[in-house]
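Here's a quick briefing on the model below, sorted by topic. Have a look at the structure first, then read on.

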Amino acid sequence: MKIYFCGSIRGGRDDVHMYRRIVTKLQSYGSVLTEHVSNPEIKDTGEDTTLRGDRAIHDRDIDWLRQSDVVVAEVTQPSLGVGYELGRAIDMKKKIFCLFRPSSGRTLSAMIRGADDGKDFMVRDYSEDEVEAVLDGFFNDLKVKV
């Protein structure tokens with residue numbers, strides 16, 4: 001299974017420790033195409049765009065999104081890029097699972113929470129101590145439905 005993981009980069013890296021935990025768990029289900037999102041060495045300035053440029057990063061990520069079987073997004077840290085990726089994933093008819101931590105004190109965008117249809121686009125509130133179990137539940141349900 002090819003998994004596309006979304007997490008904030010230029011929108012802020014406060015949750016990179018959670019991204020690492022999530023990506024580590026996701027690797028037990030398949031290949032994580034966007035593992036770099038969980039790399040703590042990538043700062044909120046993003047990848048080194050002097051080498052490839054924003055267009056190359058965009059095109060590479062959209063290609064990975066097309067290749068993916070499922071999209072998992074950590075949406076606690078607001079990010080224009082993650083919102084864009086989710087919109088594109090919807091257009092590509094991808095199965096989408098969004099994770100949000102209410103303990104952050106933030107309120108999730110209505111455009112994300114309101115997209116939850118309980119089937120192809122799902123949003124799940126979670127706490128840090130249950131993230132692995134929440135992912136287990138999603139992927140176990142996914143196997144049953146496939």
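Let's start with a loop: Pro40 is found between E2 and H2, where helices (H or I, at least four residues) and strands (E, at least two) are DSSP runs, numbered from the N terminus. This is a predicted model, so local features need pLDDT of at least 70 and side-chain atom pairs count only at pLDDT 80 or more, while totals for chains, interfaces and linings use all residues. Residues are numbered from 1 along each chain as its sequence is written, and side-chain values use heavy atoms, with hydrogens and water left out.

**Loop residues**

- Pro40 counts as exposed, at 51% relative accessibility; the cut-offs are under 20% relative accessible area for buried, over 50% for exposed and partly exposed in between, using a 1.4 Å probe and protein chains only.
- Along the sequence Pro40 and His17 are 23 residues apart, but in space their C-alpha atoms are 7.6 Å apart.
- Thr34 also has its place in the loop between E2 and H2 (49-52), and Thr34 counts as buried at 1% relative accessibility.
- From Thr34 to Arg101 is 67 residues along the chain, and their C-alpha atoms are separated by 21 Å.
- Ser79 sits in the loop between E3 and H4 and is buried, with a relative accessible area of 19%.
- A polar atom of the Ser79 side chain lies 3.3 Å from the backbone nitrogen of Gly81. For reference, a polar contact is a pair of N or O atoms within 3.5 Å; within protein, one must be able to donate a hydrogen and the other to accept it, and residues adjacent in sequence count only if both atoms are side-chain atoms.

**The sheet**

- Five strands form an open sheet with parallel pairing, in the order E2-E1-E3-E4-E5; two strands pair if DSSP finds at least two bridges between them.
- E2 and E5 (121-125) are at the edges with a single partner strand each, so one side of each has no neighbour in the sheet.
- E1 pairs with E2 (residues 31-32) in the parallel sense over two bridges, and Ile3 stands opposite Val32 in E2.
- E1 also pairs with E3 (residues 70-74), in the parallel sense and over four bridges, with Tyr4 opposite Val71 in E3.
- E3 and E4 (residues 95-100) are joined in the parallel sense by five bridges; Val70 stands opposite Lys95, and the partner of Val71 in E4 is Ile96.
- Five bridges also link E4 to E5 in the parallel sense, and Phe100 has Asp125 as its bridge partner in E5.

- Another right-handed β-α-β unit is made by E3, H4 and E4.

**Buried strands**

- Four of the five residues of E1 are buried, so this strand is mostly covered.
- How many of the six residues of E4 are buried? Six of the six are, so E4 is largely enclosed by the rest of the structure.
- In a regular strand the side chains alternate between the two faces of the sheet.
- In E4 both faces are covered, with Lys95, Phe97 and Leu99 buried on one side and Ile96, Cys98 and Phe100 buried on the other.

**Pockets**

- The largest pocket holds about 570 Å³ of space. A pocket is an open set of points on a 1 Å grid over the protein atoms alone, where a 1.4 Å probe fits, with protein on both sides within 12 Å along at least five of seven lines; lining residues have an atom within 4 Å of a point.
- Its lining has 25 residues, with Arg10, Ile57, Asp61, Gly81 and Glu85 nearest the centre of the largest pocket.
- H3 gives the most to that lining, with six residues.
- By class, the lining of the largest pocket has ten nonpolar, nine polar and six charged residues.
- The second largest pocket has a volume of about 180 Å³ and is lined by 16 residues, with Val75, Pro78, Ser79, Ser109 and Ile112 nearest its centre.
- H4 provides the largest share of the lining of the second largest pocket, four residues.

Conventions. Points joined across faces, edges and corners; volume = space filled by probe spheres on them. Nonpolar A, V, L, I, M, F, W, Y, C, P; charged D, E, K, R; others polar. Right-handed = clockwise from strand over helix to strand, strands pointing away.
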